[in-house]
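Visitor: I have a structure open and would like to go through a few parts of it. Can you take my questions as they come?

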Amino acid sequence: MLGKLIKYEFKATARWFLPAFGVALLFGLVGLVAQVAIAGRPDWWVVISTVLYGALILAFLTFPLIMSIWHFNHDLLTDRGYLMFTLPVTAAQLLWTKVIVATVWQVLSVVVALVSTSLVAVGSDGQLPLIWRLIAESDPRSEVILLVILIVFGVFGSVLMYFTSLAFGQLFNKHRIAAALGASLVLYMVTHIIAVFALITSEPINKLFTGRSDTTFLPMVALMILYNVGYFLVTRNLLTKKLNLV
Amino acid sequence: MSILEVKELTKRYTKSGPAVLGNVSITLEAGKIVGLLGPNGSGKTTLIKIICGLLTCSEGQVLVEGKAPGRETKKIVAYLPDTSYLSDWMRVDQVLEFFTDFYADFDKARALKMLSLLQIDPKSRLKSLSKGTKEKVQLILVMSRDAKLYVLDEPIGGVDPAARDYILKTIITNYSPDATVLIATHLIADIESVLDEVIFVNQGVVVLQDTVDHIREERGQSVDEMFREVFAAC
């Protein structure tokens, strides 16, 4: 059933994400052509086009998270929830579906944004951005994989945090979105205070377990896993034992 | 075994707030069409949502074929809400695929036949359909399942009299004899002819559960007359 849920979730969300990816790549191509066209023009041409393009890419990168949050609320916690929560599936399966698909779209949007900005960079100075060279030159068994793991867990956790907030919000009979916003603020502050504390204390802990003090990677991944498991269990329990589709 | 048992169920939306449902106990046997009747705001929809697992109760217990609402009960309960729950961007045939994928008891051929009778094109997008046609599509989806318990919330509430006749006919002709149909409505006169039993709910309390035959024979009243009498006194 999880596979079927994921299939329909991709179908439902691809309607927004594929056109958005197309637009981001198109703007990358336009940027490439524009950079060649404005070569030798006054600096303010370059500044304006760079600012406009930067704003577009920023909007593009925030779009998947916003749409995923909106879709979670719309699909599970409004009238659509009458269908989704009467399917013979568990709340955990519904939650896995939302988190997996949201994470995939967010990671893909980062890749698309990188390709789009690379096109503009090639148009500007004929060279790929530094990040591609760093990726190409790094040891694939260490930095790149670690970076990907960090990004995936980070995206997973941020998506789950907002889903947990919405699950809290649905406990209220009125002003659910306001309650969810309040919950997300509290969760954001608490998780970041703990993260800062972990960063400060991770060096001696890391040294204790690995004998090295030059990396905070392992404690941070452990913390992310802990957050993700916690958010998932809380959200699943709220949607199972406290579902309130008024 | 009873298909549905509701035991001393109470529902409050806030801990200290009033009970929307107060100590409700009902039992439904298989093979009956039961009317859950009451005025607007009497708690019918809340009770139905608890039966379907969309709301949790404050006290008491709901058992569908002996099990608390969950994945197993959702396999045998077909629920029709009083609002549209389908995605507007989908085509009717895509929704049929969706139901085929998730419900093992969904009969696609039966659904296509009913769509054809109502001249609804399976290729049409839901957003292009009128509100009444969308309601018919939802009813077709629900009644095309071979469920053990059909829970229909106001199935005739928003449609014209001609459509009401079609909907009632669809319900009667498509549920299997060993299944139970629970229909919540306040439009008693339209639905009376198909009911075997009635449950009257007022202000969250069950005020009467009886068979339609008993009401007619012993009390010499139609259900509609009985309803007006009971609720005029409340």
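Visitor: Which hand does the crossing have where helix 3 of chain B passes helix 4 of chain B?
Guide: The crossing is right-handed. Bear in mind that this is a predicted model.

Visitor: Which residues make that contact?
Guide: Helix 3 of chain B contributes B:Val92, B:Leu96, B:Glu97 and B:Thr100. From helix 4 of chain B come B:Lys108, B:Ala111, B:Leu112 and B:Leu115.

Visitor: How many of the residues in the contact of helix 3 with helix 4 of chain B are nonpolar, polar or charged?
Guide: Five are nonpolar, one is polar and two are charged.

Visitor: And at what angle do the axes of helix 3 and helix 4 of chain B cross?
Guide: At roughly 155 degrees, and the axes come within 10 Å. Helix 3 covers residues 92-102 of chain B, and helix 4 covers residues 108-117.

Visitor: Is helix 3 of chain B roughly parallel or roughly antiparallel to helix 4 of chain B, then?
Guide: Roughly antiparallel, because an angle over 145 degrees counts that way.

Visitor: New topic. Where is B:Lys134?
Guide: B:Lys134 sits in helix 5 of chain B, which spans residues 131-143.

Visitor: Buried or exposed?
Guide: B:Lys134 has a relative accessible area of 17%. The limit for buried is under 20%, so B:Lys134 counts as buried.

Visitor: What does the side chain of B:Lys134 make a polar contact with?
Guide: Its partner is the side chain of B:Asp88, at 3.3 Å.

Visitor: What about B:Gly22, where is that?
Guide: In strand 2 of chain B, residues 19-28. B:Gly22 has a relative accessible area of 23%, so it is partly exposed.

Visitor: Which residues does B:Gly22 touch, not counting those up to four places away in sequence?
Guide: B:Leu9, B:Thr10, B:Gly204 and B:Val205.

Visitor: How far apart in space are B:Gly22 and B:Arg12?
Guide: They are 8.6 Å apart, C-alpha to C-alpha, and ten residues apart in sequence.

Visitor: Now chain A. How many helices and strands are in its secondary structure?
Guide: Chain A has eight helices and zero strands. Along the sequence, the pattern reads α-α-α-α-α-α-α-α.

Visitor: What share of the residues in chain A is buried?
Guide: Buried residues are 40% of the 246 in chain A.

Visitor: And what share of its contacts with a separation of 6 or more comes from residues 24 or more positions apart?
Guide: In chain A, such pairs account for 77% of those contacts.

Key: Residues are numbered from 1 along each chain as its sequence is written. Chains are lettered from A and ligands numbered from 1 in the order in which they are written. This is a predicted model: local features need pLDDT of at least 70, side-chain atom pairs count only at pLDDT 80 or more; totals for chains, interfaces and linings use all residues. Side-chain values use heavy atoms; hydrogens and water are left out. Helices (H or I, at least four residues) and strands (E, at least two) are DSSP runs, numbered from the N terminus. Buried means under 20% relative accessible area, exposed over 50%, partly exposed in between (1.4 Å probe, protein chains only). A polar contact is a pair of N or O atoms within 3.5 Å; within protein, one must be able to donate a hydrogen and the other to accept it, and residues adjacent in sequence count only if both atoms are side-chain atoms. Axes are lines fitted to C-alpha atoms, for helices over the stretch in contact, and angles run from 0 to 180 degrees between N-to-C directions. Angles under 35 degrees count as roughly parallel, over 145 as roughly antiparallel, 65 to 115 as roughly perpendicular and the rest as oblique. A crossing is left-handed if the near helix is turned anticlockwise from the far one by less than a right angle, and right-handed if clockwise. Contact means heavy atoms within 4.5 Å. Ala, Val, Leu, Ile, Met, Phe, Trp, Tyr, Cys and Pro count as nonpolar, Asp, Glu, Lys and Arg as charged, and the others, Gly among them, as polar.
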